[in-house]
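Visitor: I am new to this one. Please take me through a single part of it, slowly and closely.

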Amino acid sequence: MTDTEPSVFTKIVAREIPATIVAEDDRVIAFEDIAPKAPVHVLVVPKTQAYANVGELASADPELLAHVVATARRIADERAGGQFRLVFNTGEAAGQTVFHVHAHVLAGELQEGTLA
Ligand code: 5GP
């Protein structure tokens, strides 16, 4: 992915790809994962695609990372009584497939053998 190629998540922000959006503000968007691995599986994504992974985001904009986490908690409060897993796959070997940082909010029983 380059800066000139919009990621799949940027296309969701732009409404070029449909998604079930559950929260949105000026900095983040949250929507249901297209291939859910648990009864609640929502992705929380900064609108900017400037950061490929959580390490880059933490270094460059810790306040935005905190906002991602706060949004995840609010969604989990609404949908899962505040009991949830927060997963940031980082790197191909760790299962990352979309290199536009995103948090997986997972609640309920996970599909066997996966953390998203
Ligand atoms: P990763 O593997 O990078 O940690 O997570 C990427 C996630 O994005 C996967 O769980 C995958 O199902 C989800 N995903 C990929 N493309 C789309 C899409 O077009 N729409 C939605 N809603 N989720 C997507």
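Where is the place of Ala14?

Guide: First, the ground rules. Residues are numbered from 1 along each chain as its sequence is written. This is a predicted model, where local features need pLDDT of at least 70, side-chain atom pairs count only at pLDDT 80 or more, and totals for chains, interfaces and linings use all residues. pLDDT is the predictor's confidence in each residue, from 0 to 100. The protein chain has a mean pLDDT of 95, and 97% of its residues reach 70 or more.

Now to Ala14. Ala14 sits in the loop between helix H1 (8-13) and strand E1 (21-24). Helices (H or I, at least four residues) and strands (E, at least two) are DSSP runs, numbered from the N terminus. Ala14 counts as exposed because it has 10 C-beta neighbours inside 10 Å. From Ala14 to Leu43 is 29 residues in sequence and 16 Å in space, C-alpha to C-alpha.

Follow the loop on to E1. The open sheet has five strands in the order E1-E2-E3-E5-E4, with antiparallel pairing. E1 and strand E4 (85-87) stand at the edges with a single partner strand each, so one side of each has no neighbour in the sheet. Two strands pair if DSSP finds at least two bridges between them. Further in, strands E2 (residues 28-32) and E3 (residues 40-46) run antiparallel, joined by five bridges. There, Val28 stands opposite Pro46 in E3.

Key. Buried ≥ 20, exposed ≤ 12 C-beta atoms within 10 Å, placed from the backbone.
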